[in-house]
Amino acid sequence: LYFFIEKIDRYSSGNETWYELLCVDGENQVWLDWTDGYELTVTASDEPDPVGLETIGTTEEELIHLDEEHSIDNYIEIDGDKYFYRNSSEVLFYQDNREQGEGFYNWDLVHEDGGHVLSVSKWEGKPFEATFSEVISPDRIVLYKGDRGDDGKERK
């Protein structure tokens with residue numbers, strides 16, 4: 001599949017930075033996240049709508065407990081699958097990779113098979129949002145420099 005990059009957002013927390021691409025091809029959309037910290041990690045999701053805490057069967061209190069313990073032995077269980085705690089922190093979001101960021105709190109959990117990630121975010125004044133993504137091999141992605149040639153309109 002070939003997708004065009006519609007937008008690039010940047011996230012940072014402490015000394016870690018990662019990026020999110022919105023990639024489109026007609027009506028198809030995919031979000032790719034990558035970080036090049038200890039090793040290059042890429043996740044992908046084609047689900048545009050987050051779900052609430054009730055949908056994933058957890059509570060704000062359980063997330064606070066995970067945050068306070070900071071233990072990778074802790075997990076939450078969703079439909080019989082375990083998602084192990086990896087990190088939680090204050091994050092700055094830079095829409096369109098601009099200079100001024102907006103803060104929110106984020107929890108990252110990894111499925112017991114290592115192939116899926118659950119991210120839960122809490123923006124001030126908004127409900128908790130949970131999103132699922134799949135870990136993909138960076139070898140499966142090829143980027144080409146160029147433009148659509150149609151000023152951002154759908155390909156013909």
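Where is Arg98 found? Arg98 lies in the loop between strand 6 and strand 7. The model is predicted: local features need pLDDT of at least 70, side-chain atom pairs count only at pLDDT 80 or more, and totals for chains, interfaces and linings use all residues. Residues are numbered from 1 along each chain as its sequence is written, and side-chain values use heavy atoms, with hydrogens and water left out. Helices (H or I, at least four residues) and strands (E, at least two) are DSSP runs, numbered from the N terminus.

Arg98 counts as exposed because its relative accessibility is 52%. Exposed means over 50% relative accessible area, buried under 20%, and partly exposed in between (1.4 Å probe, protein chains only). Arg98 is 47 residues from Val51 in sequence. In space, the two are 27 Å apart, C-alpha to C-alpha.

Helix 2 spans residues 60-69. Its residues Leu63, Leu66 and Asp67 are buried. These residues lie on the same side of helix 2 because they cover an arc of only 100 degrees around the axis. The arc is that of the directions from the helix axis to the C-beta atoms. An α-helix has 3.6 residues a turn, so residues three or four places apart point the same way. Glu61 and Glu68 sit on the other side of helix 2 and are exposed. The cover over the buried residues of helix 2 includes helix 1 (53-56), strand 5 (75-78) and strand 6 (81-94). It also includes strand 7 (102-111) and strand 8 (116-122). His70 follows helix 2, with a positive phi near 45 degrees.

Phe104 belongs to strand 7. Its relative accessible area is 6%, so Phe104 is buried. Contact means heavy atoms within 4.5 Å. Neighbours within four places in sequence aside, Phe104 is in contact with Tyr11, Ser89, Glu90, Val91, Phe93, Ser121, Lys122 and Trp123. Phe104 and Ile76 are 28 residues apart in sequence. Their C-alpha atoms are 21 Å apart in space.

Ser13 is placed in strand 1 (residues 4-13). Ser13 counts as buried because its relative accessibility is 14%. With neighbours within four places in sequence left aside, Ser13 is in contact with Trp18, Ser89, Glu90 and Val91. The side chains of Ser13 and Ser89 are joined by a polar contact of 2.7 Å. A polar contact is a pair of N or O atoms within 3.5 Å; within protein, one must be able to donate a hydrogen and the other to accept it, and residues adjacent in sequence count only if both atoms are side-chain atoms.
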